[in-house]
Structures are given as structure tokens and as C-alpha cells.
Amino acid sequence: MSKVFLIRAVALQTRQSKREVAKTIDAFLECLTDVIGGRGKATLGGFGTFRVRRRESRNIRHIQ
């Protein structure tokens, strides 16, 4: 799902303008980024948990 599609769907559900919904979603994403960016964890009940994870790099061979 793209951000544009999400904005359109929420605007239809709430009968708000797309501009208002876009501001709300941007604010939500900024708050979420601030929380998980500081090595925190954000849990939204019934939706999911967001956190930053470190992964080992993978060694991939490009066979030509």
C-alpha cells in the first residue's frame, strides 16, 4: 500500500480533506520515527510492533 493510497482511503472513511489526512499521517510517521530511531520500540495494539534491528551483511556472489 502506498502513502497516496492510504491518504485517499482514510480521507474517504473520515470525510476529511486529503490535505488534512496527509498532515495527520505525516505527524504520525514522524512520531513513530522518533520513537524507533532512538533505539526504542513502538507497539500498536492490534496492529504490530515496530523497532530497528541490525542485520549481518550477506555475502553474495554475482556469477557471470
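I began with the side chains of Lys3 and Asp26, which meet in a salt bridge at 2.4 Å, N to O (a side-chain nitrogen of Lys or Arg within 4 Å of a carboxyl oxygen of Asp or Glu). Lys3 sits in helix H1 and Asp26 in helix H2, so this pair ties together parts 23 residues apart in sequence. Helices (H or I, at least four residues) and strands (E, at least two) are DSSP runs, numbered from the N terminus. I found one salt bridge in the structure.

A note on the source: this is a predicted model, where local features need pLDDT of at least 70, side-chain atom pairs count only at pLDDT 80 or more, and totals for chains, interfaces and linings use all residues. Residues are numbered from 1 along each chain as its sequence is written, and side-chain values use heavy atoms, leaving out hydrogens and water.

Next I looked at the loop between helix H1 (3-14) and helix H2 (18-37), where Arg15 is placed. Arg15 is not a glycine, yet it has a positive phi of about 60°.

Then I turned to the strands. S1 (residues 41-44) and S2 (residues 48-51) run antiparallel, joined by four bridges (strands pair if DSSP finds at least two bridges between them). I noted Phe50 in S2 as the bridge partner of Ala42. The hairpin has three residues between its strands, and Gly46 there takes a positive phi near 80°.

Last, I checked Arg53, which is in the segment after S2. Arg53 is exposed, at 59% relative accessible area (buried is under 20%, exposed over 50%, partly exposed in between, with a 1.4 Å probe and protein chains only).
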